[in-house]
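Please read the following report alongside the sequence and the model. It moves from the helices to the aromatic rings, then to a hairpin and the chain as a whole.

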Amino acid sequence: MFEVGGNSSANAIYEAFIPEGYTKPGPDAGHDERAAFIRAKYELQEFLKPSLRIVSLPSRATSFQSRFSTKIMDSLRSNSSQKSQEGMVEFIGLLKVKVIKGTDLAIRDMMSSDPYVILTLGQQTVQTTIIRSNLNPVWNEELMLSVPQSFGALKLRVFDHDTFSSDDIMGEAEVDLQPLITSAIAFGDAGMFGNMQIGKWLKSHDNALVNDSTVNIVDGKVKQEVSLKLQNVECGELELELEWMPLDQ
């Protein structure tokens with residue numbers, strides 16, 4: 001429920017296709033009426049987007065979250081007719097990453113640093129501009145990456161540019177793209193919805209999040225703001241904004 005974004009966001013998925021004229025049971029409805037609706041909603045998945053339905057549920061307890069996420073990804077991969085190819089790599093969408101700013105970055109020169117950010121996804125690497133002598137740089141720079149079918153984490157590294165020697169590392173971090181992409185695919189055309197939260201990436205001891213990161217529909221676009229504490233370095237944080245762009249856009 002946390003990953004999906006709460007009860008209202010879950011309902012937006014599971015009740016997305018309630019037939020016209022169908023009345024959802026209210027608080028005063030009888031037990032049988034409510035039970036029939038619940039079974040239709042969750043067990044039979046009658047109101048779910050058809051391509052996301054899991055037709056046969058195993059009798060043994062398994063991870064529904066894993067199967068639901070897999071179903072969503074398989075749906076996209078099998079139904080999308082606009083898949084780009086580069087060699088043997090098949091892409092499922094585009095990721096726009098806005099590198100907003102860094103805060104309290106590490107000193108690598110005498111008194112300051114000349115930081116820049118490198119993003120890596122699969123075999124792709126993109127880089128921001130270098131900002132001279134600044135431990136609190138503001139980039140507000142948008143970088144674009146193609147998302148491969150078997151995508152992993154978005155990896156980022158911050159470096160200090162040096163003219164006469166190799167550049168010094170100023171920290172690194174990884175961004176889990178699963179919450180963003182799974183939520184975006186589950187809702188389909190984001191332009192059909194108003195501004196709302198549709199997913200969440202939770203802060204934990206095994207990720208670099210400063211705080212929980214929510215996935216939102218904003219003006220018809222699926223976006224996620226991410227604040228990261230840089231790893232393997234004495235200090236520094238980085239702020240990003242991610243935007244998922246399906247291939248048909």
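## Helix H1

In this predicted model, the residues of helix H1 that are buried are Ser9, Ala10, Asn11, Ala12, Ile13 and Tyr14. Helix H1 spans residues 7-14, and with six of its eight residues buried it is mostly covered.

## Aromatic pairs

Six aromatic pairs are found in the structure. Tyr14 has a relative accessibility of 11% and so counts as buried, the cut-off being under 20%, whereas Tyr42, with a relative accessible area of 37%, is partly exposed.

Tyr116 and Phe159 form an aromatic pair that is stacked, with 5.8 Å from centre to centre and 20° between the planes. Here too distant parts of the chain are linked, because Tyr116 belongs to strand E3 and Phe159 to strand E6 (residues 154-160), 43 residues apart. Tyr116 and Phe159 are both buried.

Strand E3 (residues 115-121), which holds Tyr116, runs antiparallel to strand E4 (residues 124-127), and four bridges join the two strands. Leu119 stands opposite Val126 in E4. Two residues lie between the strands of this hairpin, where Gly122 takes a positive phi near 60°.

## Helix H4

Helix H4 (residues 178-187) is largely enclosed by the rest of the structure, because nine of its ten residues are buried. Those buried residues are Pro179, Leu180, Ile181, Thr182, Ser183, Ala184, Ile185, Ala186 and Phe187. Gly188, which comes just after H4, takes a positive phi of about 70°.

## The chain as a whole

The protein has four helices and eleven strands, and of its 249 residues 42% are buried. Among the contacts with a separation of 6 or more, 57% are accounted for by residues 24 or more positions apart. The protein exposes about 13800 Å², of which carbon and sulfur atoms supply 50%.

Conventions
Residues numbered from 1 in each chain as written. Predicted model: local features only at pLDDT ≥ 70, side-chain atom pairs only at ≥ 80, totals over all residues. Heavy atoms only, no water. Buried < 20%, exposed > 50% of the residue type's maximum accessible area, 1.4 Å probe, protein only. Contact = heavy atoms within 4.5 Å. Areas by Shrake-Rupley, 256 points an atom, 1.4 Å probe, with all protein chains shown as cover. Pairing = 2+ DSSP bridges. Phe/Tyr/Trp six-rings, centres within 6.5 Å; stacked < 30°, edge-to-face > 60°.
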